[in-house]
Amino acid sequence: MNRSIVTLSRVVRVSLVLALVFFVSVILSLLMGAADIGVIQGLRGLLWGWYEGSTLLTDSEKAILFSVRLPRILFAAIVGASLSSAGVVFQGLLRNPLAEPFILGVSGGAAVGAIAGILLGITALPFGLPLLAFLGSAVTVILVFVVGKGKSGINSHTLLLAGVIINAFFSAIIMFLISISSRADLHTITFWLMGDLSLACSLEIVTAGVFLVVSFLIIYAYARPLNLIVGGEETAMQLGVNVEQAKIVLFLAGSLMTAVAVSFAGIIGFVGLIVPHMMRMLLGPDHRLLMPASFLFGATFLVVADTIARVMIPHAELPVGVVTALCGAPYFIYLLKTRMA
Amino acid sequence: MSHVSLKKIGFRYDETRVLGDISFEVQKGEFFGIIGPNGSGKTTLLRIIDKILVPCEGSVKIGETDLYKIKRNDLAKIVGVVSQDFPPLFPFTAHEIVMMGRSPHLGKLKFEGKGDLDIVKRAMEMTDIFPLAGRPFGELSGGEMQRVLIARALAQRPEIILLDESTAHLDIKHQIDFLNLMRNLNREEGLTVIAVTHDINLSSLYCDRILLLSRGTVHSMGTPGEVIRESSIEEVYETKVLVDKNPKNGVPRVTLLASESRDYSRF
């Protein structure tokens, strides 16, 4: 057999390897940035100089490492893990390899909420912007559900169409809001739309982290049913899956993850599309392995992308969404070309 | 003891009546065939027994229990289905597909254990697909896919197996291999088989009893000798046939006649 089957020990082994890769990427990311700390000096500081009162690092170096870079890295990891896990769920549930977390319009709804918040000057309030963005995406999810639910339950195709249409509708509203906004607001809006990881405070990071862990545990409980659903909903029923219930839980948990990530970080594209594909090609389609792998690798992927965004242009910062799309689009074309052959 | 019993089943798709007043009982350990022309409601009937479709009238019992009181996961331990299936989108291997048959027997977060893997291996050997184990399901031929799906149903270890045109894509060797396997499980382990098929001759060879459906109602039911008669086949299928006896074992044998059943000269 050219691919070993998924066992608990394989899930653990793969997860440990990916966790190690993640850990290394976090360390490397910590050592890179505009403030010149030096790799050796930084590494020594991380190993032996992190505690209170150590003189290995200066106070400002400590502040940069642990109060500026570390929270941002953790935040990138949380957002990356959320979007990638949600991507796995949506691709499986909609049985569509082009599905991604934003496909049902969660991002469009969040954007309308966020832009409205920026225009109303709500950014000054703590949690103001994320709350409005979250509200926007929640409304969208409910709307898509109401449209997509027929009398015989949720139809994936209808849901997909509903998502596309609602997204298009929101795009129009976004364009309209942008056209009436002032120059100063425009800058904030654009950055939000491109995805920005520099906004988060530690309370927000903890909030997003809690949402991520809870919703991931929920979707992981449905990993095996999702395998069966990918093979067709009727087949899944014949093999004992309560398909209607599984779909609702997975849709809601996936949407929740996406909504939280988008609300705090803006629209960071491609992560949720590409990471599941990469992991599936590497490890196979079994969701019991695919979910934790995408979670961990998604975290790594966004940490790396955000590091590139921070250091690529000296004394300037790219929105991380630009980096993920710049790396993501060519990779996806490659994927399409090789898959077609 | 009756294993599956249907009482006065009626079913509609929107306004169109598909099934009406269908009643029959299948005994435990019986090999039961359902035949009938396209659109006579065979597959609908099977999907009702498997709780995919809910009839608008009548009741279904599995053993002594009302079908709608059985939880889906429990039902999957009793009833296995081999249907006409689409390949899954993502590249599951044949082995992984067969392993899905163990799903109803596993706890929510459990992985397949040694016992499950043995059952899966045996199911793959019985259907002659062990050499295909590592191949992606979507790359197999129609007949190979069919055998993988048969193996998946066997891995479920059901008491009742529903076959929906399960020999349609198989060559004659694998048709006979598969039906012999079904008959062995049927005779030796008391597996109840309900087979929907277009192949009247195969059903004549293997079934204890046959139900002939016509426009959603029972035309006739009984042993192959009672049901497969020239008059009833011609009436239900609207085609001229010759029915005689198989010289080896005396069961009815249907021969198609290339008679001009319709006049195409106008075209």
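This is a predicted model: local features need pLDDT of at least 70, side-chain atom pairs count only at pLDDT 80 or more; totals for chains, interfaces and linings use all residues.
The buried residues are A223(A), R224(A), P225(A), L226(A), N227(A), L228(A), I229(A) and V230(A). Their cover includes helix 3 (59–93), helix 8, helix 10, helix 11 and helix 13 (287–311) of chain A. After helix 9 of chain A comes G232(A), which has a positive phi near 115°.

Helix 9 also takes part in the meeting of the two chains. Here, 26 residues of chain A are in contact with 27 residues of chain B. Helix 9 (223–230) and helix 10 (233–238) of chain A each supply at least two residues of the side of chain A that touches chain B.

Two packed helices are described by the angle between their axes and the distance between the axes. For helix 8 (residues 202–221) and helix 11 (residues 243–265) of chain A, the axes come within 9 Å and cross at roughly 160°. Because angles over 145 degrees count as roughly antiparallel, helix 8 of chain A is roughly antiparallel to helix 11 of chain A. Their crossing is left-handed. On the side of helix 8 of chain A, the contact is made by E204(A), A208(A), F211(A), L212(A), S215(A), I218(A) and I219(A). Helix 11 of chain A contributes V249(A), L250(A), A253(A), G254(A), L256(A), M257(A), V260(A), A261(A) and F264(A). Sorted by kind, the residues of this contact are 13 nonpolar, two polar and one charged.

The axes of helix 4 (residues 106–119) and helix 7 (residues 183–194) of chain A come within 10 Å, crossing at roughly 155°. This angle makes helix 4 of chain A roughly antiparallel to helix 7 of chain A, and the crossing is right-handed. Helix 4 of chain A makes the contact through A111(A), A114(A), I115(A), I118(A) and L119(A), while D185(A), T188(A), I189(A), W192(A) and L193(A) come from helix 7 of chain A. The residues of this contact divide into eight nonpolar, one polar and one charged.

Conventions
Residues are numbered from 1 along each chain as its sequence is written. Chains are lettered from A and ligands numbered from 1 in the order in which they are written. Axes are lines fitted to C-alpha atoms, for helices over the stretch in contact, and angles run from 0 to 180 degrees between N-to-C directions. Helices (H or I, at least four residues) and strands (E, at least two) are DSSP runs, numbered from the N terminus. Angles under 35 degrees count as roughly parallel, over 145 as roughly antiparallel, 65 to 115 as roughly perpendicular and the rest as oblique. A crossing is left-handed if the near helix is turned anticlockwise from the far one by less than a right angle, and right-handed if clockwise. Two residues are in contact if their C-beta atoms, placed from the backbone, lie within 7 Å. Ala, Val, Leu, Ile, Met, Phe, Trp, Tyr, Cys and Pro count as nonpolar, Asp, Glu, Lys and Arg as charged, and the others, Gly among them, as polar. A residue is buried if 20 or more other C-beta atoms lie within 10 Å of its own, exposed if 12 or fewer, and partly exposed in between; C-beta atoms are placed from the backbone.
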